[in-house]
Amino acid sequence: MLSNKMLEGLNKQLNYEIYSAYLYVAMENYFQEKNLEGFANFFKVQTQEELAHARIFYEYIYRMGGKVTLYPIEKPEGNFESILDLFKKALSHEKTVTERIYKLVDIAIEDKDHATNAFLQWFVNEQVEEEESFQRLVDKLELIGDNIQPIFMLNAELAQRTFVLPAPLAQGQQ
């Protein structure tokens with residue numbers, strides 16, 4: 001049984017994952033408008049991941065006997081000064097997600113809710129990967145600067161990214 005505080009936190013995180021998807025759609029749009037399909041693809045896949053994360057939270061809440069609460073999703077920022085600016089904002093966003101997941105872990109520990117703590121560990125590990133991925137891209141973009149040829153090379157690399165159903169959904173555990 002989830003405590004009221006934990007249920008509220010899980011519901012807010014479910015909604016924040018949906019907001020994250022919405023933000024990444026805005027970022028995908030930025031690249032579509034610039035005809036950088038590889039970068040757009042990266043954020044399309046990122047959007048799919050965030051929606052999958054929301055689904056994992058949704059199913060867990062119900063599995064634990066809770067009730068899902070949907071909140072209004074705020075409009076994401078859509079103005080970016082540059083590719084580097086956009087990726088720095090995406091990295092910052094992922095760091096915020098990490099902080100939110102850590103706060104949920106803290107509540108689970110405080111509540112002695114071992115099941116939810118175990119559930120959240122997948123997200124803790126996922127956030128390590130997310131931050132690392134975005135940091136690597138920020139580092140590359142800082143090295144590239146305004147040099148267009150490496151931008152096109154990175155665009156081609158990012159076009160290869162594909163969506164992989166997260167393990168909790170693929171295994172049918174959630």
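Predicted model: local features only at pLDDT ≥ 70, side-chain atom pairs only at ≥ 80, totals over all residues.
Local features need pLDDT of at least 70, side-chain atom pairs count only at pLDDT 80 or more, and totals for chains, interfaces and linings use all residues. Residues are numbered from 1 along each chain as its sequence is written, and side-chain values use heavy atoms, with hydrogens and water left out.

Helix H1 spans residues 4-33 and includes Phe 31. Helices here are DSSP runs (H or I, at least four residues), numbered from the N terminus. Phe 31 has a relative accessible area of 0% and is therefore buried. Buried means under 20% relative accessible area, exposed means over 50%, and partly exposed lies in between (1.4 Å probe, protein chains only). Contact means heavy atoms within 4.5 Å. Setting aside residues up to four places away in sequence, Phe 31 touches Leu 36, Phe 39, Ala 40, Phe 43, Ile 83, Leu 86 and Phe 87. Leu 10 is 21 residues from Phe 31 along the chain, and their C-alpha atoms are separated by 32 Å.

Asn 11 also belongs to helix H1. Its relative accessibility is 2%, so Asn 11 counts as buried. A polar atom of the Asn 11 side chain lies 3.0 Å from the backbone oxygen of Lys 67. A polar contact is a pair of N or O atoms within 3.5 Å; within protein, one must be able to donate a hydrogen and the other to accept it, and residues adjacent in sequence count only if both atoms are side-chain atoms. Apart from neighbours within four places in sequence, Asn 11 is in contact with Ile 61, Lys 67, Val 68, Thr 69 and Tyr 71.

A charged residue is found in helix H2: Glu 49. Glu 49 is buried because its relative accessible area is 14%. Its contacts beyond four places in sequence are Glu 126, Glu 130, Arg 161 and Phe 163.

Helix H5 covers residues 148-158 and has four buried residues, Ile 151, Leu 154, Asn 155 and Leu 158. They sit on the same side of H5 because they cover an arc of only 105 degrees around the axis. The arc is that of the directions from the helix axis to the C-beta atoms. Helices H2 (37-63), H3 (83-110) and H4 (114-144) are among the elements covering these residues. The face turned away from the buried side carries exposed Gln 149 and Met 153. At the N-terminal end, Asn 147 caps H5, with a side-chain oxygen 3.4 Å from the backbone nitrogen of Gln 149.

The largest pocket has a volume of about 230 Å³. On a 1 Å grid over the protein atoms alone, a pocket is an open set of points with protein on both sides within 12 Å along at least five of seven lines, and lining residues have an atom within 4 Å of a point. Its lining includes Leu 36, Ile 83, Leu 141, Asp 146 and Ile 151. H3, H4 and H5 each give two or more residues to this lining. The largest share, three residues, comes from H5. By class, the lining has seven nonpolar, two polar and two charged residues.

Two loop residues have positive phi values without being glycine. Asn 35, in the loop between H1 and H2, has phi near 60 degrees. Lys 112, in the loop between H3 and H4, has phi of about 55 degrees. Asn 35 counts as exposed at 54% relative accessibility, and Lys 112 counts as exposed at 65%.

Conventions: 1 Å grid on protein atoms, 1.4 Å probe; cavity = no way out; pocket = protein on both sides within 12 Å on 5 of 7 lines; lining within 4 Å. Points joined across faces, edges and corners; volume = space filled by probe spheres on them.
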